[in-house]
Amino acid sequence: MGGARPGRAIGIRPVPRWAGVWHGVGDTNFWATVPGGETLPGLIGAVTSVELHGSAHTVDGLFAHLIVTPIELPFVRDSFRRVSTGYDGERAGERIRRLTAEAGVALEVVGDTSLTELCGPQRAAPLVELLEAAARVDGGILAESRSLLGLSYRTRRSLYNQTALPISYAGQISEPFEPVDDEPRLVNDVTVTRPGGSSARATATSGPLSTAAPPHGVGTYDRSIQLDVHDDGQLPDQAGWRLLLGTVDGGPLPPHPPRPGRARLRQRPHRGRRRRRRRRHPWRCPTCPRGYRPALPR
């Protein structure tokens, strides 16, 4: 009621009659307008309480929202339907776009956000937590932007089937430059759970990084993760994808420190940009950097 404090009258014209509008959450169809009560003469104070009396039509019903307003709201619009469900079924990339726009945070995106994964209802949480939750559902890369004062997001699909960017490291990288063991990244038993829903499990039972006892495997390295996905049907793929990432037979490369006195690399590829090193090693293969760490000159 115009932001008035409880018990304080506000100066608007008397309304001849009040009315109750019933609307289904997540529905764009108009339900019903219940005729109002007596006319209200004089100034109207702020509403301090509302009583809802049931009827045969409200048996086993649940009330989700109660809005008191002097105007008629556009309940039949799709925007209200989305808000009333907490944006359930929203694409992860689109959610990141919307949240940053609502918060006035600049965002650059690599990839098609319309092809990102479906999210569940948006929770009541700080902005950063909501952004990270959406990025986890899609599996992309959320980070600070290098080109603007804001954030960047790279979709998971944009990481697929890239043409490698050739970069020469000859004479510029400090030795040794070899893959390192990364036991914390090893996951061969994954369980993914949806809040208020079901769960799915994926396990590697064969292979060098399987749950089998050594020397046939490495034993069990399990992990559980909760994802705000749209429905339970997404859980098996989410678990399988994380199992695939956790059982890659080959450790990651360490940070790329340049040799003292050598020129820095002139081109800094974007996070997730596939690279092919020109210098040959027995383990030579393309890599995808997940981030970078600036080093201040001494």
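1. Buried here means under 20% relative accessible area, exposed over 50%, and partly exposed in between, with a 1.4 Å probe and protein chains only. By that cut-off 4 of the 5 residues of strand E7 (150–154) are buried, so E7 is largely enclosed by the rest of the structure. Helices (H or I, at least four residues) and strands (E, at least two) are DSSP runs numbered from the N terminus.

2. The model is predicted: local features need pLDDT of at least 70, side-chain atom pairs count only at pLDDT 80 or more, and totals for chains, interfaces and linings use all residues. Residues are numbered from 1 along each chain as its sequence is written, and side-chain values use heavy atoms, with hydrogens and water left out.

3. E7 pairs with two strands, where pairing requires at least two DSSP bridges between them. Strand E5 (106–110) runs parallel to E7, joined by 5 bridges. E6 (141–144) is antiparallel to E7 over 4 bridges, and these two strands form a hairpin with 5 residues between them. Ser 152 of E7 is the bridge partner of Glu 108 and also of Ala 143.

4. Gly 104, with a positive phi near 70 degrees, follows H2.

5. For helix H3 (residues 127–138), the 12 residues likewise should span 16 Å, and the end C-alpha atoms are 17 Å apart, in agreement. Among its buried residues are Leu 130, Ala 133, Ala 134 and Asp 138. They belong to a buried set that packs against H2, E6, E7 and helix H4 (235–246). Gly 139 comes after H3 and has a positive phi, near 85 degrees.

6. There are 2 cavities of 30 Å³ or more. A cavity is a set of points on a 1 Å grid over the protein atoms alone where a 1.4 Å probe fits but cannot get out; lining residues have an atom within 4 Å of a point. The largest cavity holds about 60 Å³, a volume being the space filled by probe spheres set on the points. Its lining includes Arg 95, Cys 119, Leu 130 and Asp 228. H3 gives the largest share of that lining, 3 residues.

Conventions. On a 1 Å grid over the protein atoms alone, a cavity is a set of points where a 1.4 Å probe fits but cannot get out, and a pocket is an open set with protein on both sides within 12 Å along at least five of seven lines; lining residues have an atom within 4 Å of a point. The expected span of a helix is 1.5 Å times one less than its number of residues. Contact means heavy atoms within 4.5 Å.
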